[in-house]
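Please look at the sequence and the structure before reading on.

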Amino acid sequence: MRASYATHPVDLGECDCPGKPHAHDEAVVKDRFTFGDLRRIAYAMGDDGGLVQSVTVARGVDSWNLVREARNGLGLVVGTEPLPVSVETVDELAPEQARKLTEEFSKPEYDRQLRASLGLPPKDEEVPPDGKVPPVSGETSPDGLAEPTSSNSETSTPAP
Ligand SMILES: [Zn+2]
């Protein structure tokens, strides 16, 4: 089945599959997250166990060449089968392979998509963490004396 979105390959390094059948492991990732991907990633952001990383990789990977051991009804290994792409199987990846995919989805183009879906401005337009906004001309006092910032009484919220 052809994907309805553009994709590109990501090299996952040396083969880590059982029996090492590949010269290299490789994933094919989406150039853009879909609506459903963004919704699920945003939802996983509320999880403090790091689930968002697994969800981002599972939703962003279109396919990979990874295989796992295939077992028969008796639980005996009978060969290999393609490893499906899911949150659970992402958690089974070698840390190095998972890191490569996590790095891929940390790139600015993905960050922009995620921020846009959350209604956030792009990273470079963000107010610095210290909250200081650069002074706008006309707001500085003409005598050059900096007024001490008065603590705003409105910020203290009374207990309900
Ligand atoms: Zn492999």
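Which residue in strand 3 is the bridge partner of Val29? The bridge partner is Val61. The model is a predicted one, in which local features need pLDDT of at least 70, side-chain atom pairs count only at pLDDT 80 or more, and totals for chains, interfaces and linings use all residues. Residue numbers start from 1 along each chain as its sequence is written.

**Overall make-up**

- The protein has five helices and five strands, where helices (H or I, at least four residues) and strands (E, at least two) are DSSP runs numbered from the N terminus.
- Along the sequence the pattern reads β-β-α-α-β-β-β-α-α-α.
- Of the 160 residues, 14% count as buried; a buried residue has 20 or more other C-beta atoms within 10 Å of its own, an exposed one has 12 or fewer, a partly exposed one lies in between, and C-beta atoms are placed from the backbone.
- Of the contacts between residues at least 6 apart in sequence, 53% join residues at least 24 apart; a contact requires C-beta atoms, placed from the backbone, to lie within 7 Å.

- Three strands form an open sheet in the order 1-2-3, with antiparallel pairing; strands count as paired if DSSP finds at least two bridges between them.
- Strand 1 (7–14) and strand 3 are at the edges with a single partner strand each, so one side of each has no neighbour in the sheet.
- From one strand to the next, the twist averages 25 degrees.
- Seven bridges pair strand 1 with strand 2 in the antiparallel sense, and Val10 has Ala27 of strand 2 as its bridge partner.
- Strand 2 (residues 24–30) is joined to strand 3 by three bridges, again antiparallel, and Ala27 stands opposite Trp64 of strand 3.
- Helix 4 (residues 95–104) lies across strand 1, strand 2 and strand 3 and runs at about 150 degrees to strand 1; axes are lines fitted to C-alpha atoms, for helices over the stretch in contact, and angles run from 0 to 180 degrees between N-to-C directions.

**The largest nonpolar core**

- This core has 15 residues, and those with the most contacts inside it are Ala27, Val57, Ala58, Val61 and Leu101; a nonpolar core is a set of buried Ala, Val, Leu, Ile, Met, Phe, Trp, Tyr and Cys residues joined through C-beta atoms within 7 Å.
- Helix 2 (51–60) and strand 3 (61–64) are the elements that give two or more residues to the core.
- Helix 2 provides the largest share, three residues.
- Leaving out residues up to four places away in sequence, Val61 touches Ala27, Val29, Val85 and Leu101.

**Helix 1 against helix 5**

- The axes of helix 1 (residues 35–44) and helix 5 (residues 108–117) come within 10 Å and cross at roughly 80 degrees.
- Helix 1 is therefore roughly perpendicular to helix 5, a term that covers 65 to 115 degrees.
- Leu38, Ile41 and Ala42 of helix 1 make the contact with Gln113, Leu114 and Ser117 of helix 5.
- By class, this contact has four nonpolar, two polar and no charged residues; Ala, Val, Leu, Ile, Met, Phe, Trp, Tyr, Cys and Pro count as nonpolar, Asp, Glu, Lys and Arg as charged, and the others, Gly among them, as polar.

**A backbone detail**

- Lys20 is in the loop between strand 1 and strand 2.
- Phi of Lys20 is near 45 degrees, a positive value in a residue other than glycine.
- Most residues other than glycine have a negative phi.
- Lys20 is exposed, with 10 other C-beta atoms within 10 Å.

Notes
Two residues are in contact if their C-beta atoms, placed from the backbone, lie within 7 Å. Angles under 35 degrees count as roughly parallel, over 145 as roughly antiparallel, 65 to 115 as roughly perpendicular and the rest as oblique.
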